[in-house]
Amino acid sequence: MGLRTALFVSIAAIVPSLFLLMAFQIQMARMLEERQNAAVALASESFAAEVDLLVSGYVGSAEEMSERLLLHNYLRELRDGGDRASIGARFRPYLRDTLRRRRSGALREIYVVTVDGETLAASSGPPKDLGLQSAVLQRPGMHHTSGQDYFLAWSPVTDTSTGAVLGTVVLKIDLGVVQNQLVGPGGALRNTASTFYERYPGGVVLIADHNERIIAGPRSKLGQNVGFHNLDAQDEPREVEILGKDLLALEREVALTDWHVFVGASLENARHEQRTLGTTAMLFGGAWAVLLGLTAFVTSNYTFTPIAEVTEAAERLGEGDWDDRVDSASYRGEALRLGESFNTMADRLQESFEVVDRARSLSRDVVARITSSVLVVDAFGKVVDANPEARCLLGEDVMGRALADALADASFSDEIIGRVATSGACDITDVSLPTSDSGSRWFDIRTSPVPLPGEDDGRVVVLDETTRLRAQQQQLAYLATHDELTGLPNRRMLEQAMFKASARAKRGLLTSVVLLDIDNFRSVNATYGPRTGDVLLAEVAGALRRSARKGEEVFRAGDDEFAVVLNDVDADGAEYAAERLRQRAALVELAGSPGMQVSLSAGVVAVLETSSARSALSAAESALLRARELGANRTCVYRSEDDPLALSAESQRVVELLGEAIRKDLLTIYFQPVARSSDGFVEFNEVLVRLKDPATGGIMSASAFVPLAERFGLVHDLTRAVLRSSFSVLAQMPSIRLSINLSGTDLHDEHLPEYLAQLVATTGVDPSRVMLEVTETVVIQDIQRAREHMGRIRELGFSFALDDFGVGYNSFGYLRNLPVDMIKIDGSYVTALQSDPGQAAVISAIWTLARLYHKKTAAEFVESPESVRILRNIGIDYLQGFLIGRPRPEPTVACFDVQRVSDVEDT
C-alpha cells in the first residue's frame with residue numbers, strides 16, 4: 001500500500017515538474033534573448049550617437065570657418081564678374097594662414113569651391129579640381145572620395161542679404177586620424193566597445209561607409225567589405241553571419257554622413273548560456289522529483305495509509321455502518337490526531353443519528369396523537385402519509401389514493417375539493433360536512449408546501465374539526481347576550497333593542513318600554529337567602545316570558561329589574577300590557593315558601609321621535625321610581641312633570657349647548673389648588689369643568705349640566721374633552737400637577753385606558769403628573785370591576801384619589817385592596833368641625849385608617865383658619881377649600897402660608 005502510493009505520488013509529482021521546468025527554460029531563453037536584443041539596441045544607439053557627435057564637430061568646424069573666413073565679399077565679387085585668378089590669388093594667403101592657426105591631426109587642407117564646383121582657392125598650392133559637382137555639395141556633411149583615404153566636410157557660404165549660395169568651404173580630413181579618434185587608443189568608442197566585448201565576448205563593433213567598406217573597427221579588417229546590406233538598418237536585431245561569426249546584429253545610420261554603425265553580439269555565448277541553464281533546470285527537476293518520491297515513500301506509512309484507511313472508514317460510515325472505526329494506535333503525529341478526530345466525529349454522528357431517529361419516532365407518535373387529520377400529498381396529488389385521524393375521516397385505504405377522490409368519498413363539496421386538491425397553499429374556514437343524523441361537522445382546512453425527500457415538493461393538508469369549538473363559541477356568544485340565571489336577553493341586548501326603538505320612533509313607528517321591578521327583593525334575600533332569591537328571579541322571568549305576546553321582547557335589565565319592549569304599541573297599550581305582565585308574575589309561588597307574597601312595580605314610557613335610547617330608559621326608570629314612591633305594586637306611566645330631570649326647553653338648550661362645546665372644544669376649565677398642610681406647597685390643582693352660557697354671558701357650574709350629560713349619554717365625550725384640555729395645560733406648564741374627576745360611567749369605560757395612553761403618547765406628558773378622582777359611591781357599587789379598571793389605568797403611571805370618602809358607609813375594609821393613592825375626606829365633616837367638635841374624632845379615625853393602608857389624606861371645604869389648625873394637628877396631608885384658593889381660570893403655583901394662618905388663629 002505504501003510503495004504503490006509512493007510511486008503514484010512520485011509520478012504525479014515528476015510530470016508537472018517537467019512541464020514546469022520546460023516552461024521555465026523557455027521563459028529564461030526568451031528573457032536571455034530579450035536582454036541580448038536590448039543590449040545590442042542600446043549599444044548601437046550609443047555608438048551611433050558618439051559618431052554623430054564626432055561628425056557634427058567636423059561639420060561645425062566647416063560652418064564656423066564659413067562664417068569667420070570673410071568670403072562673402074570675394075564670392076560676391078566673383079559672381080558680379082570679377083577676375084577668378086585675381087580673386088583666388090588674393091584669398092589664397094588668407095586660407096594658408098587659417099590652416100596654420102587651426103591645424104589639427106585630422107585637418108589637412110581648406111578649399112573654397114565656387115557655386116559651379118570649381119576650386120577658387122586652396123590653403124596649399126594652386127587650386128585643385130576635387131571632382132565634386134555642385135549637386136554633391138547641396139547639403140553640409142562628410143563625403144568619401146573613392147580611391148582616396150580622406151573625407152571631406154563642407155558648409156555653404158550664403159549671401160547675407162539675399163540668402164543665395166555663393167560658394168562652399170571644404171575641409172579635407174585624414175581618414176586615419178578619424179579612425180584613431182573613434183576606436184584607437186583613447187578613442188571615443190574604445191571604452192564603450194570594451195565594455196560591450198566584456199559582456200558579449202566575440203561581439204563586433206564596426207563603422208562602414210556606403211560601400212559597406214570598414215572604415216573603423218578591428219585594424220585587421222579595415223578596408224574589407226562587411227557584407228551586412230541585408231540588415232537594411234532594421235529597428236530590431238536580426239541573426240546574421242558577419243566576419244565568420246553568428247551574430248545578433250543591428251545597423252544604425254550616422255547623421256550628416258553616409259556612414260553606418262554596426263553592432264553584433266555573439267550568439268554562440270548566448271546559446272551556451274541557454275544550454276547551461278537547461279541542464280541546471282533538468283538536474284534540479286530530477287532532484288525535486290526524486291526527493292518527492294522518497295518523501296512519499298518514507299511518509300506513506302505515516303500519512304497516506306492513515307488517510308486511505310480514514311477515507312475507507314468514512315465511506316463505510318456513509319453506508320450506515322455506524323460501528324466502524326479506524327485503529328489509530330499505530331498512527332503518528334498529525335495522522336494520529338486525524339484518526340482520533342475521525343473516531344470522535346463518528347461517535348458524535350452516531351449519537352446524532354440516534355437522536356434524529358428518536359425524534360422521528362417521537363414526531364410520528366405526536367402526529368399520530370394529533371386530533372387533527374394530517375395528510376402528506378406528493379406532487380401528483382396522491383396521499384403518501386396520513387395519521388390515524390385522517391384514516392378515520394377519509395377511510396383506512398386513503399394511502400396511495402388521489403386526495404380529490406378521498407375528499408369526494410367523504411362528501412366534501414366540489415368547490416372545497418377543487419381548492420384543496422389543486423392549490424399549493426390555502427386556508428379555508430367553516431367547511432361544513434353533513435352527517436347521517438342530519439347534523440353537520442365543521443372543519444378548518446389548511447394546506448402548505450413541504451419538501452419531500454428525493455421528489456418534487458409536496459403538500460401537507462391539515463383538516464381541523466371545529467364542531468365542538470363552534471358549539472362553544474355559540475355558547476359563549478349566547479352567554480354574552482343572555483342572562484345565565486334567567487335565560488333572558490341581558491342589559492346589552494336591551495340597549496341594542498332601545499337603539500332600534502329610537503330609530504323606529506324617528507320613522508314614525510310606535511314603540512313603548514315597560515320596566516318592572518320585584519318589590520322588596522332585598523328582604524327576600526335577607527329572609528329566605530340568596531338561593532331562594534335566585535329561584536324567585538328565574539320564576540318571575542319564566543312567567544314574564546310565558547305572558548309575553550307577539551311583538552313583546554322580555555329582557556333582564558338589572559339585579560331584580562326586567563324590561564319589556566313592545567312594538568307598535570303606544571303608552572296606553574303599554575300600560576295595559578304592563579298590568580297584565582305584572583299580575584301574571586305576581587302569581588308565582590315558590591316551593592318551600594308558601595307564605596311569600598310576590599308583587600312588582602312597573603314604569604311605562606313611549607319612545608318618542610326625539611328620544612334617544614338612553615333617555616327612553618332613563619324616563620322608564622323615572623316612572624318606575626314614581627311607582628315605588630307611590631307605594632309599589634302598581635304601574636306608572638312616565639310624565640315629564642313628575643321627572644326632576646325632564647327635558648324642558650331650558651334643559652334642551654343646555655344639552656345642545658353642551659354638545660356643541662364638546663364637539664368644538666369650547667369647554668372652560670377652572671383650577672382649584674390643593675396644598676400640603678405642612679408647608680402650604682401647592683401639590684396639584686383640581687380641574688373643575690365649566691360651561692359658558694352665551695345667552696347670559698355667565699359661567700354654569702358642573703352641577704347644572706353633568707346630570708344632563710349622564711342622562712343623555714354625553715358623559716364619555718365630556719370627560720374626554722376635559723382630559724384633552726387638561727393635558728394641553730400640562731404640556732404647556734411642566735411644573736404643575738392636576739387632578740381630574742371621573743364619573744361612574746367613565747370608570748367602567750373599557751376604552752378609557754387606551755385613550756389615556758394615546759394622550760400620553762401625543763402630548764409627551766408624564767402620567768405621574770395626573771391624579772384621577774373617583775367618588776366612593778361609584779366604587780362601592782361594583783368594587784371588583786372598579787379595582788380591575790383602576791389597575792389597568794395605574795399600570796400606565798396614573799394615580800387615583802377616592803373622593804367624597806365617608807358618606808354613609810360603615811365598613812371600609814375594601815380600602816385595603818383598592819388601588820387608590822389618596823383619600824379625600826367628604827367636605828361635610830370639615831364644614832361641621834367648628835359647630836360639632838366630635839367631627840374631629842371622625843376625621844382622625846379616617847386618617848388612622850388611611851395611614852394603616854399607606855394612603856395619603858386630603859380635606860375639602862377648608863374655609864377657616866381654625867379648620868386649618870385642627871386638620872394640621874390631626875395629620876391630614878393636604879388641604880383644599882376657599883381659604884386655600886378659589887377656582888380660577890389658571891393653575892395656582894404660589895404657596896399658601898399655612899403657618900401664618902395657624903399662628904393668627906392661635907393668637
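This report describes model confidence, salt bridges and a charged surface patch in a predicted structure.

## Model and confidence

In this predicted model, local features need pLDDT of at least 70 and side-chain atom pairs count only at pLDDT 80 or more, while totals for chains, interfaces and linings use all residues. Residues are numbered from 1 along each chain as its sequence is written, and side-chain values use heavy atoms, with hydrogens and water left out.

The average pLDDT (the predictor's confidence in each residue, from 0 to 100) is 78 for the chain, and 78% of the residues score at least 70.

## Salt bridges

The structure contains 26 salt bridges (a side-chain nitrogen of Lys or Arg within 4 Å of a carboxyl oxygen of Asp or Glu). One of them joins Asp464 to Arg446, with the closest N and O atoms 2.6 Å apart. Asp464 belongs to strand E15 (residues 458-465) and Arg446 to strand E14 (residues 440-450), so the pair ties together parts 18 residues apart in sequence. Asp464 is buried at 14% relative accessible area (buried means under 20%, exposed over 50%, partly exposed in between, with a 1.4 Å probe and protein chains only).

Arg580 and Glu552 form another salt bridge, at 2.8 Å from N to O; both residues are buried. Arg676, Asp679, Glu683 and Arg737 are linked in a salt-bridge network.

## Negative surface patch

Glu309, Glu312, Glu315 and Asp327 form a surface patch of negative charge (patch residues have over 30% relative accessible area and no salt bridge, like charges being joined within 9 Å and nonpolar side chains, Val, Leu, Ile, Met, Phe, Trp and Tyr, within 5 Å). Asp327 lies in the loop between helix H6 (267-318) and helix H7 (333-369). Asp327 counts as exposed because its relative accessibility is 57%.

Methods
Accessible areas come from the Shrake-Rupley method with a 1.4 Å probe; for residues, only the protein chains shown count as cover. Lys and Arg count as positive and Asp and Glu as negative; His and the chain ends are not counted. The place of a charge is taken as NZ of Lys, CZ of Arg, CG of Asp or CD of Glu. Helices (H or I, at least four residues) and strands (E, at least two) are DSSP runs, numbered from the N terminus.
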